[in-house]
Amino acid sequence: MSLLEVRNLRVHFPVRHGLFSRARQFVKAVDDVSFHIEPGETLGLVGESGCGKTTLGRALVRLLEPTAGSVLFEGEEITRLTGAQLRARRRKLQMIFQDPYGSLNPRMTAGEIVGEAIDIHNLADSTEARRKRIAELLKAVGLDPIHALRYPHEFSGGQRQRIGIARALAVEPKLIVCDEPVSALDVSVQAQIVNLLHDLQQQRGLAYLFIAHNLAVVEHISRRVLVMYLGKVVELSDAKSVVRAPKHPYTQALISAVPVVDPDSKRQRIVLPGDVPSPINPPSGCPFHPRCPVAEARCKKEIPALREVAPGHWAACHLAK
Ligand code: SF4
């Protein structure tokens, strides 16, 4: 049994054009997305901003309500849980955020932030046990337990992200949705946080959904990679295959934009025209066709199915093989 099984998930938001407008239009932020995550594995999720990555992550931990579809966590349908049942499940399914400052209460010390998570789920039976647990967690993420009395503004960006990780770890999760956890940090600090997440995974058997727009970071930490465009999955395979032999023209363009260290590399950058179109009025046929460098006439009419184009390698493109 997979740790997480997502089937045909949809998150659509109604759009109003004016105060009295009755127009029923929807932003299809996540549209018919299916995938699974195994215990202890990292699935990378990539795409440009506006492709639905963050909405998908938030729907999985029920910070947003899915419109349709199924999310099975350890075989249990979590889209229908409410109240105490949902809180109990949420313990195993945590999230860390892109902006470590915005996601930490500025009026609480690092110790209080981590301790709050322990209290919500009654995970310490005495003040001493609670204090010890906070110190242990801060140490586990590379912070000095003495700093439990400091406030978020007294830490650097990387240290604040470490507090966010300690808060997520406090409730002993099995899966952490990491929403662009290093995008707001300096490059040197990014590597430290990615390595920390990797070490914690090895020590604690954690699984991650690692959301990022930087494919180099995703390749480093992920076993498999899923690429999204306009709310849909366009490619899914093991990380090496996606990065070294991408099948979908969109993934090929994303990879061509990653800087290469090798001066002899013959890789040419594929520049995509325009931005991601509005998900309110997505293009007909293949949603990528207005920007695709190899689009054909049928791409405007026929929606490509996500199909297995090589063993274990899935792509949604008429031409992929
Ligand atoms: Fe490009 Fe057509 Fe493939 Fe879509 S289906 S990615 S438009 S070639």
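**Close-up views of a predicted model**

**View 1. Ser 222 and its surroundings.** Setting aside neighbours within four places in sequence, Ser 222 is in contact with Thr 42, Leu 43, Gly 44 and Ala 239. The model shown here is predicted. Ser 222 sits in the loop between helix H7 (215-221) and strand S9 (224-229). Is Ser 222 buried or exposed? Its relative accessible area is 9%, under the 20% cut-off, so Ser 222 is buried.

**View 2. Polar contacts of the Ser 222 side chain.** Two backbone atoms feature in this view. One is the backbone nitrogen of Gly 44, which the side chain of Ser 222 reaches at 3.4 Å. Another is the backbone oxygen of Val 218, 2.7 Å from a polar atom of the Ser 222 side chain.

**View 3. Helices H3 and H4 where they cross.** H3 covers residues 110-120, and H4 covers residues 127-140. Their axes come within 10 Å and cross at roughly 120°. That angle makes H3 oblique to H4. The crossing of H3 past H4 is right-handed.

**View 4. Residues at the contact of H3 with H4.** Which residues of H3 meet H4? They are Gly 111, Val 114, Gly 115, Glu 116, Ile 118 and Asp 119. From H4 come Arg 130, Arg 133, Ile 134, Leu 137 and Leu 138. The residues of this contact divide into 5 nonpolar, 2 polar and 4 charged. An α-helix has 3.6 residues a turn, so residues three or four places apart point the same way.

**View 5. Helix H9 inside the structure.** H9 spans residues 249-256. Of its 8 residues, 7 are buried, so H9 is largely enclosed by the rest of the structure. The buried residues are Pro 249, Tyr 250, Thr 251, Ala 253, Leu 254, Ile 255 and Ser 256. What covers them? The cover includes H7, S9, strand S10 (232-238) and helix H8 (239-244).

**View 6. His 289 in its loop.** His 289 lies in the loop between helix H9 (249-256) and strand S11 (307-310). Its relative accessible area is 15%, so His 289 counts as buried. Which residues is His 289 in contact with, leaving aside its neighbours within four places in sequence? They are Pro 283, Ser 284, Ala 295, Cys 299 and Lys 300.

Key
Residues numbered from 1 in each chain as written. Predicted model: local features only at pLDDT ≥ 70, side-chain atom pairs only at ≥ 80, totals over all residues. Heavy atoms only, no water. Axes fitted to C-alpha atoms, helices over the stretch in contact; angles between N-to-C directions. Helix = DSSP H or I, 4+ residues; strand = E, 2+ residues; numbered from the N terminus. Parallel < 35°, antiparallel > 145°, perpendicular 65-115°, else oblique. Left-handed = near helix turned anticlockwise from the far one by under 90°. Contact = heavy atoms within 4.5 Å. Nonpolar A, V, L, I, M, F, W, Y, C, P; charged D, E, K, R; others polar. Buried < 20%, exposed > 50% of the residue type's maximum accessible area, 1.4 Å probe, protein only. Polar contact = N/O pair within 3.5 Å; in protein donor to acceptor, adjacent residues only side chain to side chain.
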